[in-house]
Amino acid sequence: MSGGKSLNKPIRRIAVVGTGVIGASWATLFLARGFDVLATDPAPNAQSNLRRFVDTAWPGIAKLGLSPKASPEHLSFTTDSRQALADADFVQESAPEDRELKISLFAEMDKAAPADSIIASSSAGLTMSVLQSACKHPERCVIAHPLNPPHVIPLVEVVGGAKTSPEVLQQAMAFYASIGRKPIHIRKEIVGHVANRLQAALYRELAYLIDQDVVDVAAADAAVSWGPGLRWGSWAPICCFILAEVPVGFSASWTVFRSRWPLGGNNSGTLSSARNSGKPSSMERCRRPRTARSSSSLASGTTCCWD
């Protein structure tokens, strides 16, 4: 709640603050879903660059499917951010990743946007607790981090800050799902969120293998794109791991995996500590998918076993 008002209202007009590559892609998606979009960016040539992006991307997104009211004509632009925010039902911020700039920007957006409008940030490297620190209504501020380009890649990582309300998290999740995205709720703030950290971990290993002359660059890319990349896109990595270990049991398989490749961060004692306490670890609780399916039943399609 913000000022005693519910933030659960119809969304028809979206303000896009920052129209670089990410902001322009968001604008394209919102237009394709039939929203009115009012974009703002102080950069020189921002309006012409944005319209060029939308015009170039439109034929491709049209092939993916347009809402009945979808039109590039519903795009407006102003350099006055207060004007862009004044009547916005929802705000998607995609300004440069500068800590002080974003803190100041969020305070300004908080003042200018209607009190019952959610303010979402595309930030990849800053946490919402930092961004909302100067806001008078921090409870309506939330991270909604996409993978580039958001008008094509469905994933949206939704994570609140210390003062974000649970209601806003739920409403943000529902909004992104309603426009055809795949939102995931990240329960704890961590720099880089989840997807980028996973990509970084894989990239570090690729760089190591190339540096050690185990493979060349082309072979390293092929090892991912023609192997686990194809499998992960259909079943996801943990789901694949579970399906592969059924005969021996997930707990035993996970123990062997960890003995060979220790986990990063401070998680090295999680499994043994959980056993000593008599409580199952997070990974042990993942022993079976919510819906039991065999690998053969999944092989006929591209449905993840968690769905």
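Predicted model: local features only at pLDDT ≥ 70, side-chain atom pairs only at ≥ 80, totals over all residues.
View 1. Residues are numbered from 1 along each chain as its sequence is written, and side-chain values use heavy atoms, without hydrogens or water. β5 and β6 run parallel, joined by 3 bridges. Strands pair if DSSP finds at least two bridges between them. Strands (E, at least two residues) and helices (H or I, at least four) are DSSP runs, numbered from the N terminus.

**View 2. Strand β5 (residues 118-121) is buried on both faces.** I118 and A120 point one way. I119 and S121 point the other way. Buried means under 20% relative accessible area, exposed over 50%, partly exposed in between (1.4 Å probe, protein chains only).

**View 3. β4 (residues 90-93) and β5 run parallel, with 4 bridges.** Q92 has A120 as its bridge partner. From β4 the chain passes through helix α4 (residues 99-112) to β5, a right-handed β-α-β crossover. Right-handed means that, with the strands pointing away from the viewer, the path from the first strand over the helix to the second runs clockwise.

**View 4. β6 (residues 141-146) and β7 (residues 155-160) run antiparallel, with 5 bridges.** H145 stands opposite E157 in β7.

**View 5. The open sheet has 8 strands, ordered β3-β2-β1-β4-β5-β6-β7-β8.** Pairing is mixed. β3 (75-78) and β8 (182-185) are the edges; each has a single partner strand, so one side of each lacks a neighbour in the sheet.
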